[in-house]
Every structure is written in C-alpha cells, then in structure tokens.
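Please read the following report alongside the sequence and the 3D view. It goes from single residues to the whole chain.

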Amino acid sequence: RNPSFRGNIEFASVDCLQKYNPNPKQDLISLMYTMMHLLSDNSSLWKNVESFDLFSEEVAESIEAKINKMIRVKSSMPLESL
C-alpha cells in the first residue's frame, strides 16, 4: 500500500482510493470512468447520488473523508446504473 493517495478521486478505482498500488486493471477502471465522464457532457458521474456531497465547499471536511465517501459510493453502485 502507498502511504498517500495521488490522483483525481472522481476517476480513481476503489483500490487506488484505498491506497493500493495501481496496476493495469486499475488503469482500465480509471479509463472507463474518464470515458464515461467525457461521454456524459463532462458532468460528474456521481452527481445523481443522493446525500453524496463530495464536492462541497465545506472547509471542515478533509480529503480523507471525501475519499472514504467516494469509496463507499463506488463500492455500492453497479456500473450499469451509471
């Protein structure tokens, strides 16, 4: 595991968000999220998820809390629903 996360949390795979070393599978997952973003008029893939305020302006929320929210959402949503 890596001690810190580097990258964009919206496009990263769950394993990368959990700070595991990236591998080709994780690269393909990230590419899939990127392609879906580009094909959806550059809107957030996660904007329709209720009670998921990843991109709030609240200063009190740390990046770790945002990463943990993204892990929970990505782990619970089937790709077909995106």
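Leu39 is exposed, with a relative accessible area of 71%, where exposed means over 50%, buried under 20% and partly exposed in between, with a 1.4 Å probe and protein chains only. Leu39 lies in helix H2; helices are DSSP runs of H or I with at least four residues, strands are E runs of at least two, and both are numbered from the N terminus. This is a predicted model, in which local features need pLDDT of at least 70 and side-chain atom pairs count only at pLDDT 80 or more, while totals for chains, interfaces and linings use all residues. Residues are numbered from 1 along each chain as its sequence is written, and side-chain values use heavy atoms, with hydrogens and water left out.

Pro22 lies in the loop between helix H1 (14–17) and helix H2 (24–39). Pro22 and Ala12 are 10 residues apart in sequence and 9.6 Å apart in space, C-alpha to C-alpha.

| Residue | Relative accessible area |
|---|---|
| Leu39 | 71% |
| Pro22 | 52% |

Taken as a whole, the protein has 3 helices and 0 strands, and buried residues make up 35% of its 82 residues. Among contacts (heavy atoms within 4.5 Å) with a separation of 6 or more, 48% join residues 24 or more positions apart.
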